[in-house]
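My notes follow in the order I took them.

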Amino acid sequence: MKSFKRVFLIVMDSVGIGEAPDADKFNDKGAHTLGHIAGHMNGLTMPNMEKLGLGNIAPVHGIKQVEDSSAHYTTMVEASHGKDTMTGHWEIMGLYIDQPFRTFPDGFPDELLQKIKTKTGRGIVGNKPASGTEIIKELGEHHMDTGDLIAYTSADSVLQIAAHEDVVPLEELYEICEYARELTKAEEYMVGRVIARPFTGKPGDFERTSNRHDYALKPFGRTVMNEMADADLDVIALGKISDIYDGEGVTEAIRTKHNMDGMDQLVASMDQDFTGLNFLNLVDFDAKFGHRRDPQGYGEALEAYDARLPEVLDRLNDEDLLIITADHGNDPIHHGTDHTRELVPLLVYHNGINKGNELEQRETFADIGATIAENFSVEMPKYGKSFLKNIQ
């Protein structure tokens, strides 16, 4: 059975492709991120994903089914109990999360915020679920006048702390978030991520910067990335991948500013000689468009991503494997601003495919991790079933 020297894994953050079998348990019946965006756009123009077989997975307006897809294709079902970024990514690398991270729809407990106030000497305003852009619009001027930190959450398990870079220097903001991270590891909080959200500008014209930093919990077990790093294989993390795994199993981390920068970094890394995994998260789909319920922006971002794919495909050599998937849904037509419990697409491409085939639906995202583990002959994860033999 052929093995690959390099595996490139692209996670299109939140690009779901239809309600999961248990969507009703998450109040997500009818969710379909790609389908609803395509409907809003009166058809998506994604010719490169179309050739790979995206339209063969599910009906998507504007993306045709193709008889001879260039990639193997199917959908994956999330097995873990959750629909957040960390749960999806951790499952991709072989873990099963049976206890969802805690969310705080009514804000964070006073005793937690008081500890942060005492430690920092700063007040805290906000403390509610909110859009990041809207809450700095609402409270940014107050923050600049008082130095109070802006704390907020979302439907995810996340504590976000926003501060103007001229009011709270980046290093101070990072230290505050590191302290908050230590506090929220406690079982009574179990917050998935603490995120530093710096911004600049003046009242009426605030702008979040690319100096965001995520502080995640460490994965609850060893992932395929740990096994690879211990076997002296490369694990190159692009975008927020290193943050999601708290650096576990990462041999090189490269931050990105936005989707197009992520694609730039991916293309640049493909010219390097390495043996192992190159793992990219494209965050804009989720952060800039899904949570903000912006189907137009989301659709345009999908089309811009698709236009960059030829640069990736042209650089793949005969020892390379490309896997494209997602970690959950975030339907911008759906109610609220939450992630949506959806199936995710799986497209698997290499130069040796004569004609792509439909793979059986994967019962867990961990099948990707199992496939990568088998390919590199490292210890298989406890969860997941490799599809390596099915893509030869």
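**Aromatic rings**

I started with the rings, and found that Trp90, Phe101 and Phe220 form one aromatic cluster. I kept in mind that this is a predicted model. I then looked up the total, and the structure holds ten aromatic pairs. One of them joins Phe101 and Phe220. Their centres are 5.8 Å apart and the planes stand at 50°, so the pair counts as tilted, the class between 30 and 60 degrees.

Where do Phe101 and Phe220 sit in the chain? Phe101 is in the loop between α4 (85-92) and α5 (110-120). Phe220 is in the loop between β8 and α8 (224-230). They are 119 residues apart, and the pair links distant parts of the chain.

Phe101 is buried, at 7% relative accessible area. Phe220 is partly exposed, at 48%.

Next I noted Phe199 and Phe206, which form an edge-to-face pair. The centres are 5.1 Å apart, with 80° between the planes. Phe199 is buried at 0%, and Phe206 is buried at 17%.

I also found a charge by a ring. Lys119 lies over the face of Tyr179, at 5.4 Å from the ring centre.

**Salt bridges**

How many salt bridges does the structure hold? I noted 26. I looked at several.

Lys29 and Glu19 meet through their side chains, at 3.3 Å from N to O. Both residues are in the loop between β1 (6-12) and α1 (33-40), ten residues apart. Lys29 counts as exposed, because its 56% relative accessibility is over 50%. Glu19 counts as partly exposed at 29%.

Asp214 forms a salt bridge with Arg193, with the closest N and O atoms 3.0 Å apart. Asp214 is in strand β8 (residues 213-216) and Arg193 is in strand β6 (residues 193-202). The two are 21 residues apart. Are they buried or exposed? I found Asp214 buried, and Arg193 too.

Arg308 and Glu311 also meet in a salt bridge, at 2.5 Å from N to O. I asked why two residues of helix α12 (residues 295-315) are separated by about one helical turn. Arg308 and Glu311 are three residues apart in that helix, so about one turn separates them. Arg308 is buried at 14%, whereas Glu311 is partly exposed at 28%.

**Strand β13**

I turned to strand β13 (residues 344-349), where six of its six residues are buried. In a regular strand, side chains alternate between the two faces of the sheet. I sorted the residues by side. Val344, Leu346 and Val348 are on one side, and Pro345, Leu347 and Tyr349 are on the other. Both faces are covered.

Which strands pair with β13? I found β2, antiparallel, over five bridges. There, Thr74 has Leu346 as its bridge partner. I also found strand β12 (residues 320-325), antiparallel, over three bridges. Leu322 has Tyr349 as its bridge partner.

**Ala58**

Last, I looked up Ala58, in the loop between α3 (54-57) and β2 (72-76). Ala58 counts as buried, because its 12% relative accessible area is under 20%. Beyond its neighbours within four places in sequence, Ala58 is in contact with Ile17 and His32. I also noted Gly18, 40 residues from Ala58 in sequence and 8.1 Å from it in space, C-alpha to C-alpha.

Key
Residues are numbered from 1 along each chain as its sequence is written. This is a predicted model: local features need pLDDT of at least 70, side-chain atom pairs count only at pLDDT 80 or more; totals for chains, interfaces and linings use all residues. Side-chain values use heavy atoms; hydrogens and water are left out. Helices (H or I, at least four residues) and strands (E, at least two) are DSSP runs, numbered from the N terminus. Buried means under 20% relative accessible area, exposed over 50%, partly exposed in between (1.4 Å probe, protein chains only). Contact means heavy atoms within 4.5 Å. A salt bridge is a side-chain nitrogen of Lys or Arg within 4 Å of a carboxyl oxygen of Asp or Glu. Two strands pair if DSSP finds at least two bridges between them. Rings of Phe, Tyr and Trp (its six-membered ring) pair if their centres lie within 6.5 Å; planes under 30 degrees apart count as stacked, over 60 as edge-to-face and the rest as tilted. A charge sits over a ring if NZ of Lys or CZ of Arg is within 6 Å of the ring centre and within 35 degrees of the ring normal.
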